[in-house]
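Morning, everyone. Please bring up the model.

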Amino acid sequence: MSDFKLNNETVLERIKTHFGEAILSSETPYDMLTLEVETSKIHNLIKFLKEDEALNISFLTLLGGIHYPENTGKELGVVYHLHSLIHNYRIRLKTFFSIENPEIDSIVDLYIGANWQERETYDFFGIKFKGHPNMTRILNEDDMDYFPMRKEYHLEDATREDKDDRFFGR
Amino acid sequence: MGKIEDLQTINGEGYQLTRLEKVLGAARANSVWPLPFATSCCGIEYMATMGSNYDMSRFGMERMSFSPRQADLLIVAGTISKKLGPILKQVYEQMAEPKWVLSVGACACSGGIFDTYSVLQGIDRIIPVDVYVPGCPPRPEQIIDGVMRIHELVKNEPLRRRYSSEYKHLLNDLNIETNE
């Protein structure tokens, strides 16, 4: 497979032959292949990208959460940025699920560096990563009782009394 | 600095009478050991205050105490997150009486620009503060002015102020044990 060239078309084709049903949509904003993937298949897809000899997309740049309150049934999402250091090729994977039961497979077994990033995503969005060795808050105080990056919560501190809402746009 | 102010002294051969309170006040004020609790840019300004241009050692304050047990003055310089709050409170509780607190900069005084869910909106929500230094960050001159005001307090407040009912009431409001 050494003559396999990585570009958006060949990578998409190769992924689709293995995960055809799970790829819900694909686009290339700023020339970066971006796939929306079924939540249940995301772990296997990342494992495939890492282990496939032709692709070698084996570096996790980052992962993070996102909240779209208007997308009913698909409010919460996780975004993965992956990088092939051998081919200098980047890909972005997105997956969305309901806010009612925000659960997704952890990828700590594939990338140990995902450990703190998944904890951070849990801390701010309340997304639970199944199989994570220590699914607890990481940055906020332990007794915080909500997930502050969800859109329904104000960014501002609710206990501050010296600010008049009329003048501070709250 | 250094001298004991407005005193009626009685001079005699080999002795001088004065008030113990004033002597102790002057002694304390000229050897305040600060504990810098610096978390951000105000801490950098405090470092400049420590440096040779501004030179805190002029006031007997060159000895930074990084253990709260030997410190007299807690200098909180910088943003205190809510997660850091209990640690700051613990540091304050570990200091021995008499103790004073200087709040340096907008963040320590009121949360400053960080009106957000993760930042404590002023350290006076968890520990009592003696002097507030405004600014974002304050210049070393302002920090020195704050320190001078602390010195005035140290010199002039009654030795037993810390055991007064008002002070105990304040500590009680903040849920700080007084060990009395």
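Start in chain A. A:Asn88 sits in the loop between strand 4 (76-84) and strand 5 (89-97) of that chain. Strands here are DSSP runs of E with at least two residues, helices are runs of H or I with at least four, and both are numbered from the N terminus. A:Asn88 is not a glycine, yet its phi is positive, about 50 degrees. Buried or exposed? A:Asn88 is exposed, because 8 other C-beta atoms lie within 10 Å.

A word on the source. This is a predicted model: local features need pLDDT of at least 70, side-chain atom pairs count only at pLDDT 80 or more, and totals for chains, interfaces and linings use all residues. Residues are numbered from 1 along each chain as its sequence is written, while chains are lettered from A and ligands numbered from 1 in the order in which they are written.

Now chain B. B:Asp55 also has a positive phi, near 60 degrees, and is not a glycine. Look for B:Asp55 in the loop between helix 2 (41-50) and strand 4 (73-77). B:Asp55 is partly exposed, with 14 other C-beta atoms within 10 Å.

Next, cis peptide bonds. Which residue does a cis bond join to B:Glu97? It is B:Pro98, with omega about -5 degrees. B:Pro98 lies in the loop between helix 3 (85-94) and strand 5 (100-104) of chain B. The bond from B:Cys136 to B:Pro137 is cis too, omega near -10 degrees. B:Pro137 is in the loop between strand 6 (131-133) and helix 5 (140-156) of chain B.

Methods:
Buried ≥ 20, exposed ≤ 12 C-beta atoms within 10 Å, placed from the backbone.
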